[in-house]
Amino acid sequence: MQTRTIGRTDLAVTEFGFGTAPLGGLYRACPRDVAMATLETAWQEGLRYYDTAPWYGFGLAERYVGDFLRDKPKGSYVLSTKVGRVMQPAEGDTVPNYGFVDPLPFGARYDYSYDGIMRCLELSYTRLGLNRIDILYVHDIGVYTHGAERNAVYLRQLLDSGLKALSELKSSGTIKAFGLGVNEVPVCLDILREADLDCILLAGRYTLLDRSAVEELLPLCGRKGTSLVVGGVFNSGILATGPVEGAHFDYMPATPEVAEKVGAMMGIAAERGVPLAAAALQFPLRRPAVTSVLLGTAKPESLRRNMALARMDLPKDIYPAFEPHTLVAPELGLEPVRE
């Protein structure tokens, strides 16, 4: 599989990577044998970039990923994880419910400071059982997750000392790159105007449907030499399933407006004789600033199907026809959208 370089570093990742939130039991349990089979399928399909986070199953995904990668040849893969949530033991049976089924018995404390980021990294090494992490993403900072009031505190932590920790880790060779892992554009703009980032893992905001990153973020990334890694390429599923009953967009049931737009896109794809999911998968990589598209699943057959779609030849003129049916995320208010 072809690779692309992260920012101005010498770190190259495969154009498609594997996202591990489903291995943490997102919405449905993921037993160990299923996780290992899915990771093996990703390897067989040529994916050599693996992204995980302490948040996914409260450490469960990191454990699965570390166990899988531990015996792989040195330098044969790229691994990213995330900082900002310090996992700590839950008391008794009070494991918080954030959509993960059968997670490990932990909860999270937010800390984007120098000490918090260093602590997150130490704990990730322990869960992974690995001594190398290539990329660190600052996870879910922003109004989307925290609301305006809390985020002002966390953003100050990051700008005052957290970025210093990441810069020190990179300059010492402990990591090769760092950036943000978020679901919103505004915080990316805020931080990029203050600091240099190697990469941003942006979920759901540069897709066939949602073009929120186009007007300001992509040009700013170009000027700063910052790469985009695209997650949530199906916008929580609707670009894969179409506007069927129960379809989701941005982690919530799709509105009639969104369903109508996706229905129009499906019609365009059908006229050209291609699945809409194939167009969605391949869309982000048309931009040079995009280095990788993450595919997240806990089903080997789903991953094989998506990789077949990713390799499908598409008509070169298909994408302009989708433009009238795209959208931009509404402005964020004062309250979190999804904690």
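1. The predicted model holds zero disulfides (a disulfide being a pair of cysteine sulfur atoms within 2.5 Å). Take Cys199: its sulfur is 10.0 Å from the closest cysteine sulfur, in Cys221, so that gap is too far for a bond.

2. Buried cysteines. Cys199 has a relative accessible area of 0%, so Cys199 is buried. Buried means under 20% relative accessible area, with a 1.4 Å probe and protein chains only. Cys30 also counts as buried, because its relative accessibility is 5%.

3. The barrel. Eight strands close into a barrel, and the pairing is parallel. Their order is β3-β4-β5-β8-β9-β10-β11-β14. From one strand to the next, the twist averages 25°. Strands are DSSP runs of E, at least two residues, numbered from the N terminus. Two strands pair if DSSP finds at least two bridges between them.

4. One pairing in detail. Strand β3 (residues 16-19) pairs with strand β14 (residues 290-296) in the parallel sense, over four bridges. Phe18 stands opposite Leu295 in β14.

5. Ser227. This residue sits in strand β11, residues 227-231. Ser227 counts as buried because its relative accessibility is 6%. A polar atom of its side chain lies 2.6 Å from the backbone nitrogen of Gly7. Neighbours within four places in sequence aside, Ser227 is in contact (heavy atoms within 4.5 Å) with residues including Thr5, Ile6, Cys199 and Thr291.

6. Basis. Residues are numbered from 1 along each chain as its sequence is written, and side-chain values use heavy atoms, without hydrogens and water. The model is predicted: local features need pLDDT of at least 70, side-chain atom pairs count only at pLDDT 80 or more, and totals for chains, interfaces and linings use all residues.

Notes
Buried means under 20% relative accessible area, exposed over 50%, partly exposed in between (1.4 Å probe, protein chains only). A polar contact is a pair of N or O atoms within 3.5 Å; within protein, one must be able to donate a hydrogen and the other to accept it, and residues adjacent in sequence count only if both atoms are side-chain atoms. Axes are lines fitted to C-alpha atoms, for helices over the stretch in contact, and angles run from 0 to 180 degrees between N-to-C directions.
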